[in-house]
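Subject: Structure handover

Hello,

Here is the structure you are taking over. My notes on it follow below.

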Amino acid sequence: MLSVMQSVLGVASGALVGFSLGLVGGGGSVLAVPLMVYVVGVREPHVAIGTSAMAVAANAAINLFNHSRGGTVIWSVALLFAAAGIVGAFAGSNLGKMIDGHRLLAMFALVMLVIAALMLKTRARSGIPDVKMDWSNFPAVAGLGLATGTLSGFFGIGGGFLIVPALMFATGMPIMNAVSSSLVAVTAFGLTTAASYAWSGLVAWDLAAVFIAGGIAGGLAGTAAARHLSARRGALNVVFATVIVAVALYMLVRNISLP
């Protein structure tokens with residue numbers, strides 16, 4: 001059972017994750033695990049990963065609904081990418097559960113540094129309009145879906161900042177379509193990972209609920225703020241990437257020296 005303080009911290013942490021997702025379009029989910037471990041006080045890293053996967057999947061599904069109404073999801077590409085990734089997420093989540101929790105957090109921190117680097121890369125390219133799924137891009141879409149799904153499952157993250165560049169590389173689609181289409185995979189990967197961890201009893205359902213509630217409220221606030229700060233989104237990405245680097249280095253210091 002969660003204490004009152006843990007519930008409050010869980011809602012606040014979920015709101016921070018949702019706010020960052022709405023404000024800069026991604027990256028917030030990668031903070032969910034460290035927030036659960038170092039702020040809420042979840043002692044078992046595997047429980048934090050499984051619970052985070054459930055919360056990320058729920059928030060991604062809500063955002064996917066909003067994006068689909070705008071017609072920016074390229075479903076043919078998104079569904080194949082997600083289908084291939086589900087296989088990888090299932091394998092990755094089972095492998096992740098076999099790794100020592102603190103070693104897994106240290107490896108997770110290294111992935112955070114990669115994600116921060118991706119956030120700093122320019123995303124101004126216009127892309128190819130009207131991308132279609134065909135045999136010319138099938139191998140790249142399926143292969144990259146499998147690879148990103150495996151990483152997502154292994155670390156229990158949504159993987160949006162890995163999925164978006166993968167979709168753009170595989171098909172040449174514009175960034176807006178990649179962001180929208182990535183939510184199909186984030187939802188699918190998160191649910192697959194969460195189901196695997198739940199089967200092993202490694203999901204704290206009460207914490208997932210308060211995290212999701214906070215994430216919904218934070219996401220609405222972040223989206224509203226993004227409209228007012230659209231001209232500064234590049235600067236916001238730099239600031240947020242800096243935060244991710246700082247958290248990753250802290251996690252490395254805390255976990256890499258452990259036996």
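The accessible surface of the chain comes to about 11,600 Å², and carbon and sulfur atoms account for 72% of that surface. Areas were computed by the Shrake-Rupley method with a 1.4 Å probe, and for residues only the protein chains shown count as cover. The model is predicted, so to speak of a local feature takes pLDDT of at least 70 and side-chain atom pairs count only at pLDDT 80 or more, while totals for chains, interfaces and linings use all residues. Residues are numbered from 1 along each chain as its sequence is written, and side-chain values use heavy atoms, with hydrogens and water left out.

Overall make-up

The chain has ten helices and zero strands. Helices (H or I, at least four residues) and strands (E, at least two) are DSSP runs numbered from the N terminus. Of the 259 residues in the chain, 51% are buried. Buried means under 20% relative accessible area, exposed means over 50%, and partly exposed is in between (1.4 Å probe, protein chains only). Among contacts (heavy atoms within 4.5 Å) between residues at least 6 apart in sequence, 85% join residues at least 24 apart.

Nonpolar cores

A nonpolar core is a set of buried Ala, Val, Leu, Ile, Met, Phe, Trp, Tyr and Cys residues joined through side-chain atoms within 4.5 Å. The largest core has 40 residues, and Val 30, Phe 108, Met 112 and Phe 211 touch the most other members. Two or more residues each come from helix 2, helix 3 (45-69), helix 5, helix 6, helix 7, helix 9 (205-228) and helix 10. Helix 5 gives the most to this core, with nine residues. Beyond four places in sequence, Met 112 is in contact with Val 30, Leu 31, Pro 34, Ile 244, Val 247, Ala 248 and Met 251. A second, separate core has 29 residues, including Ala 60, Ile 175, Ala 178 and Ala 185.

Helix 6 has 18 residues and reaches 26 Å from its first C-alpha to its last, close to the 26 Å expected at 1.5 Å a residue. The expected span is 1.5 Å times one less than the number of residues. Among the buried residues of helix 6 are Val 141, Gly 145, Thr 148, Gly 149 and Ser 152. Just after helix 6, Gly 156 takes a positive phi of about 70°.

Helix 7 (residues 160-171) has twelve residues, which should span 16 Å, and its end C-alpha atoms are 16 Å apart. Helix 7 is mostly covered, with nine of its twelve residues buried. Ile 163, Val 164 and Leu 167 are among those buried in helix 7. Ser 182, in helix 8 (residues 175-199), is in contact with Ile 163, Val 164 and Leu 167, leaving aside neighbours within four places in sequence. Ser 182 is itself buried, with a relative accessible area of 4%. Gly 172 follows helix 7 and has a positive phi, near 80°.

Ile 128 lies in the loop between helix 5 (101-120) and helix 6 (138-155) and is partly exposed at 48% relative accessibility. The C-alpha atoms of Ile 128 and Pro 174 are separated by 6.0 Å, although the two residues are 46 apart along the chain.

Aromatic rings

Rings of Phe, Tyr and Trp (its six-membered ring) pair if their centres lie within 6.5 Å; planes under 30 degrees apart count as stacked, over 60 as edge-to-face and the rest as tilted. The count comes to five aromatic pairs. Tyr 38 and Tyr 250 have ring centres 5.3 Å apart and planes at 80°, so the pair is edge-to-face. Tyr 38 lies in helix 2 (residues 32-40) and Tyr 250 in helix 10 (residues 233-255), so the pair ties together parts that are 212 residues apart in sequence. Tyr 38 is partly exposed at 25% relative accessibility, and Tyr 250 is partly exposed at 40%. Phe 108, Phe 154 and Phe 155 form one aromatic cluster.

Regards
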